[in-house]
Amino acid sequence: MNIMANGAHLPETPREFGFFVDGAWHAGQDWFERTSPSHDVPVTRVPRCTKEDLDTAVAAARRAFEDRSWAGLPGAERAAILLRTAEGLRRRRDEIARWEVLENGKPLTQARGEIDHCIACFEVAAGAARLMRGDSFNNLGDNLLGLLLREPIGVVGLITPWNFPFLILCERVPFILASGCTLVVKPAEVTSATTLILADILTEAGLPPGVYNVVTGSGRTIGQALAEHPDVDMLSFTGSTGVGRSCVHASADSNLKKLGLELGGKNPIIVFADANLHDAADAVAFGISFNTGQCCVSSSRLIVERSVAREFESILTAKMKKIRVGDPFDPETQIGAITTDAQNRTILGYIAQGKEEGATLLCGGEALDLGRGQFIQPTLFSDVTPSMGIAREEIFGPVLSSFHFDTPEEAIAIANDTVYGLAASLWTRDLDKALTVTRRVRAGRFWVNTIMAGGPETPIGGFKQSGWGRESGLLGVEEYTQVKSVHIETGGRTHWIAS
Ligand code: NAD
């Protein structure tokens with residue numbers, strides 16, 4: 001048996017999954033085999049679905065939407081199923097966490113924490129299912145009453161990436177279900193296991209057949225076909241800005257389906273001289289290294305006040321050197337493997353580019369050889385200029401670029417000097433500065449004297465080229481609804497044609 005030094009078991013043979021349509025498992029004709037990026041052993045096999053499989057899934061979701069078996073339920077009954085799902089996640093927390101580790105490479109301790117967040121998503125969405133409401137106009141005169149009805153938009157396609165396979169799924173699925181929509185999910189090919197496991201848990205919780213369907217396979221075939229599908233009413237896509245753009249074209253060229261997009265980021269973290277520098281340095285180290293920097297909201301641009309810049313960089317360097325990179329099953333590990341070979345090459349390419357472009361390397365800058373798997377040291381570049389590639393492009397790895405500023409205006413200008421606007425963080429003890437900068441930096445999520453804080457109550461999403469729409473919270477349910485304006489006349493009609 002393949003047992004790790006810390007007692008964790010690696011699978012002897014890859015776990016095989018089918019795909020899930022209309023409440024039943026289906027065998028694939030062809031398979032994709034996933035190798036653990038930390039251990040170099042095959043761990044899962046998932047079907048490469050065909051376009052016909054996708055059509056069957058969309059048809060099942062359409063039937064389940066039209067027959068009212070889900071949309072027609074009282075919110076309280078939808079909520080009960082979401083709460084039972086939360087219980088199911090609690091029971092299977094260790095199993096889900098293990099497959100996240102094996103497919104993604106993230107530390108087991110982190111994966112467990114993410115599942116706790118997912119449980120909270122189902123609980124918050126259950127509340128939202130009961131509280132969702134429209135509006136009324138009682139001011140249209142005595143003869144007319146106006147109602148705004150919120151109705152589920154219909155069949156939703158959901159495409160998710162590999163960096164937080166289960167977390168990103170659960171920041172969307174319960175809210176989509178709360179709205180009354182049905183859905184077809186296409187997870188990233190390399191991290192499909194936990195999206196499939198969720199099908200089992202939802203079924204056990206009582207979700208009617210056809211409401212949650214999963215097709216697996218490559219983005220270029222199945223993802224693209226889902227984005228183009230004429231019978232999908234809305235597509236929620238999370239991933240790269242390039243593919244997000246192609247989803248816009250696919251929608252325009254098919255049925256003008258509504259889009260929710262959560263895309264890339266190049267997120268600033270601004271540190272003023274008056275901040276608690278040790279707290280801020282800890283947050284900066286966490287913000288760039290969490291999930292090996294493969295995180296859409298990772299704070300990849302440090303913008304630090306010049307008067308303390310060198311002191312701050314030295315505190316930060318000492319902290320980043322202490323980050324424990326290693327086997328994700330080791331409870332001491334803080335960051336694990338880089339998830340895909342392609343991403344590993346991309347990150348190392350950016351590190352080489354930073355060195356060539358003349359930025360000063362303060363720490364890291366190398367791959368780590370741990371005998372197996374692919375790992376990269378947390379890396380800090382200083383003296384980065386705005387035109388460098390590492391300053392402008394999303395690296396999606398543990399590579400931080402440091403910029404220096406003299407005035408708050410300059411800090412705001414550097415923070416906004418990007419096509420993205422996903423998230424930002426700010427460190428100061430001065431309330432005036434905190435409020436001014438928070439209101440002027442263009443980002444969908446903002447953290448003051450903290451980083452990556454918040455729960456499923458608050459919506460997430462981006463400004464500028466980081467995306468469209470919001471997920472999570474009440475807004476995250478409303479995204480999957482449309483409003484119908486209803487006018488009801490009382491007291492008889494004033495005739496247009498004289499009698
Ligand atoms: P990606 O855009 O290639 O893939 C994301 C998902 O889209 C996967 O399921 C993939 O199979 C699918 N896909 C690929 N091509 C497609 C196509 N033509 N049509 C429809 N679907 C397609 O991104 P990735 O390489 O998996 O992830 C890395 C990038 O994603 C990062 O650079 C980052 O910018 C972005 N990302 C953003 C967030 C976020 O929440 N904003 C989260 C994770 C990743």
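This is a predicted model: local features need pLDDT of at least 70, side-chain atom pairs count only at pLDDT 80 or more; totals for chains, interfaces and linings use all residues.

User: Why is Glu262 called buried?

Analyst: Buried means under 20% relative accessible area. Glu262 has a relative accessible area of 6%, so Glu262 is buried. Glu262 sits in strand E12, residues 258-262, and the unreviewed UniProt entry places the feature "active site" at Glu262.

User: What makes the link between the side chains of Glu262 and Arg172 a polar contact?

Analyst: The cut-off for a pair of N or O atoms is within 3.5 Å. The side chains of Glu262 and Arg172 are joined at 2.5 Å, so the distance meets that cut-off. Arg172 is also one of the residues that Glu262 touches, and others include Phe237, Cys296 and Glu471.

User: Which polar side-chain atoms lie 2.7 Å from an oxygen atom of the ligand?

Analyst: One belongs to Trp162, and another belongs to Lys186. The protein covers 86% of the 820 Å² of accessible area that the ligand has on its own.

User: How do you know that the side chains of Glu189 and Arg48 meet in a salt bridge?

Analyst: A salt bridge needs a side-chain nitrogen of Lys or Arg within 4 Å of a carboxyl oxygen of Asp or Glu. For Glu189 and Arg48 the N to O distance is 2.9 Å, so the pair qualifies. Glu189 lies in the loop between strand E9 and helix H7, and Arg48 in the loop between E5 and helix H1, so the pair ties together parts that are 141 residues apart in sequence.

User: Why does Glu189 count as buried, and why does Arg48 count as partly exposed?

Analyst: Glu189 has 18% relative accessibility, which is under 20%, so Glu189 counts as buried. Arg48 has 35%, which falls between 20% and 50%, so Arg48 counts as partly exposed.

User: What makes Glu33 and Arg45 a salt bridge?

Analyst: Their side chains meet at 3.9 Å, N to O, and the cut-off is within 4 Å, so this pair qualifies too. Glu33 is in strand E4 and Arg45 in strand E5, 12 residues apart.

User: And how many salt bridges does the structure hold?

Analyst: The structure holds 31 of them. Another one brings together the side chains of Asp116 and Arg93, at 2.9 Å from N to O. Here Asp116 belongs to helix H4 and Arg93 to helix H3.

Notes: Residues are numbered from 1 along each chain as its sequence is written. Side-chain values use heavy atoms; hydrogens and water are left out. UniProt positions are given in the numbering used here, feature names are shortened, and annotations may be inferred rather than shown by experiment. Helices (H or I, at least four residues) and strands (E, at least two) are DSSP runs, numbered from the N terminus. Buried means under 20% relative accessible area, exposed over 50%, partly exposed in between (1.4 Å probe, protein chains only). Contact means heavy atoms within 4.5 Å. A polar contact is a pair of N or O atoms within 3.5 Å; within protein, one must be able to donate a hydrogen and the other to accept it, and residues adjacent in sequence count only if both atoms are side-chain atoms. Accessible areas come from the Shrake-Rupley method with a 1.4 Å probe; for residues, only the protein chains shown count as cover. Lists of a residue's contacts leave out its neighbours within four places in sequence.
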